[in-house]
Each structure stands twice: as structure tokens, then as C-alpha cells.
Amino acid sequence: MNTAPTQPALRGSLDALPLFIPALPFAFVFGVVVAEAGIPEWLGWSSSPIIFGGAIQVTLFTLIGEGASVAAAVSAALIVGARHMLYSVTLAPRFQDQPGWFRWVGSYVLIDQVFVLSQIKPIDEPVAFRRYFLAAGFTFWGLWMICTALGVVLGPAIPPEWGVEFAAPVLFVSLMMAASDRRDKLAAAALAMGFTFLLASLPNRAGILIAVLASVLIMLALRRQPT
Amino acid sequence: MIALAIILTGIGSYAMRAFFIFALAKYRFPPLLLRSLEYVAPTVMAALVISMLTTPEGELAAGVPEIVGLCCAAVAAKLTGNHILALLAGMVSFWLLGWFI
């Protein structure tokens, strides 16, 4: 696994493609939220290149649609996106042997799916890692730009009873299993599920971050005292 | 005002992604911290799944089709390691159960 793939850029794009399928219904959900908030399509879509984060964009426009102030909507959206700080810490060691420009550009495409790909396909060789990361990131980026544009135009026409947005938790379960290649990681995931459920009523989904930190600390404590 | 909100959120979300990559660019990670980072990916994914299945009031917003769908997806992911197959297993079982129940 730790050897450089022969064509890291191609691999990155190909690995990103299946992960995008569940983002498609999400792009349409995004379109519905923009329409319901009464925001012009082009302005709503502009958040795709500017923010590039599905859950963050949807939270922002949901709150604006409910009449929240700019400060309230922005802070809620950023709390929803706070897990990206954990990705930033986790990838910091891998970005140390990279050129400065890649830190700027790579940070821009550091989304859930790209982060998990970088974790489940660890590549030690810096150049291959960079190509893989950028190819996966910008494949996702290009598709997200196209599909959110379609979403703001067509989204309101998709019948809600199809339940297509259920594809999002299904993908994240699949990514969770791929990232849990050891039993202790699976145990950590189970802990995080329990904590998130207990903390689900916290405002702005702040429970996600607390649940992750608590589960990671518990796993560390357990590993330090072997039974 | 909406444009301002988009720009502020864009700056904020970029800053969150870039912050530690730049702040820790020259930091030597102790082994304990490196080991704890291994748990970030599985726990964040797990937390996202549960947060998508609960209402903002903290109640479970998932019935039998959702739970069975997610279990099928988890098993398919474990057995095949293929996200497309896991997605198919999850969605098909969810749709079938939703129609029959």
C-alpha cells in the first residue's frame, strides 16, 4: 500500500468519481435550499467556488432563508465545518515535505471525501501524494461546480419522496468502514456514533466535534494501558 | 448582505482547512499525537452519519429502512471494499424496505 502508484493523478481522479455519486442528490438539495431562501441562482451558486463545502453551504442558506442575521448564519455554517480543522491537523505531517504552493492549493480542496481518500490510500512518496491529492480534489471540485449549477436550476423539480439524499449517510458509512481497517478504529467509530447521538441536540451540530475529540481521547487512554 | 455572508464563510472555511497545515508546518509530531490522528477519519465519518440521522432537537430521524440500509452498506463495504457496491446495497435495501413497509 505504501508504494507510489504508477499514475497517481489518474488514480486520484478515478478514486474520487464513485465518491461523487452521493454528492449529486446533495447538489439538488442545495438547489432546493437556495430556491426556498429566495436567493438568485447565480448568487447561491457562487458559494460553490467561494466556500466549496456542501454541508457548510446548505447550513448558510438554510439559516439565511429562515431570516437569521449574517453573523448568526456565518458562525453556524463555520461550526458545522469545524471538523475541517481536524483534517488540517491530521494532514499537517503529510504537508511538511511539500512545497508552499501546495499548502495553499491543497487546503482549498480539503473536503471530507478527499481527506478520507488520503487516509485510506496512504502514499509516502511526496510527489505521488501531491498529484493524487490534487487530482482527487479537483475532480471533485469540477463536478461540484457543474452539479450545483444544475442543482439550483433543477433541484426544486426532484420529488422529495424518492429519498435520494439518503445516499449521503450511506456513503459516509462506507467511508467509515474503509477508514476502520483495524478493530480499535472500528471501536473508536462506534464510540463516536454513541457520543454524537447523545450530543445531537447541541446547537449547530457542535456535538460532532466534541464526540470525535472524546472518542479519540478515550481510545488513546485505552491504548496506553494495555489490558 | 448575502454576498457578504458567502464571502465571510468562504474565508472562514478556507482558514479552518489551512490553519494547522501552515501552523504545524515545521512542528515535530510526537508519536502519541500521530497515533491519535489515526482515529480522526473513522470517528468523523461515524459522527457525520449519526448527525445526518438525527433532528436538530436530538431525536432519531431514521426508521427501519434507514437502519437496515446503513447496515447493508456497512457489510457490503467491509466485504467488497467498493464504495459503489456499498452505495447500491444501502440504497436498494432502503428503497425496497421503504416500499414494502
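This note comments on a predicted model with chains A and B.

1. Conventions. Residues are numbered from 1 along each chain as its sequence is written, and chains are lettered from A in the order in which they are written. In this predicted model, local features need pLDDT of at least 70 and side-chain atom pairs count only at pLDDT 80 or more, while totals for chains, interfaces and linings use all residues.

2. Make-up of chain B. Chain B has five helices and zero strands (DSSP runs numbered from the N terminus, with H or I over at least four residues for helices and E over at least two for strands). From the N terminus on, the order is α-α-α-α-α.

3. Dimensions of chain B. The radius of gyration of chain B, taken over C-alpha atoms, is 19 Å, whereas a compact globule of 101 residues would have a value near 13 Å; the globule rule is 2.2 Å times the number of residues to the power 0.38. The C-alpha trace of chain B spans about 55 × 45 × 25 Å along its principal axes. Of its 101 residues, 42% count as buried (20 or more other C-beta atoms within 10 Å of the residue's own; 12 or fewer is exposed and in between is partly exposed, with C-beta atoms placed from the backbone).

4. Domains of chain B. The assignment for chain B gives domain 1 (1-28) and domain 2 (39-100), with bounds from an automatic or database domain assignment. The centres of these two domains of chain B, taken over C-alpha atoms, are separated by 30 Å.

5. Contact between the chains. Chain B gives 61 residues to the contact and chain A gives 75 residues, where two residues are in contact if their C-beta atoms, placed from the backbone, lie within 7 Å. On the side of chain B that touches chain A, two or more residues come from each of α1 (2-23), α2 (31-37), α3 (40-52), α4 (64-80) and α5 (83-100) of chain B. The largest share of that side, 19 residues, belongs to α1(B). By class, this side of chain B has 42 nonpolar, 14 polar and five charged residues (Ala, Val, Leu, Ile, Met, Phe, Trp, Tyr, Cys and Pro are nonpolar, Asp, Glu, Lys and Arg charged, and the others, Gly among them, polar).

6. Domains of chain A. Chain A is assigned domain 1 (8-163) and domain 2 (180-227), and their C-alpha centres lie 24 Å apart. Six residues from domain 1 of chain A and six residues from domain 2 of chain A form their contact. On the domain 1 side, α5 (70-80) and α6 (83-95) of chain A each give two or more residues.

7. Helix α4 of chain A. This helix (residues 54-65) has twelve residues and reaches 16 Å from first C-alpha to last, close to the 16 Å expected at 1.5 Å a residue; the expected span is 1.5 Å times one less than the number of residues. Because nine of its twelve residues are buried, α4(A) is largely enclosed by the rest of the structure. The buried residues of α4(A) pack against α2 (23-36), α3 (41-51) and α5 of chain A, together with α1 of chain B.

8. Leaving aside residues up to four places away in sequence, A73(B) touches residues including V170(A), V173(A), A86(B) and G90(B).
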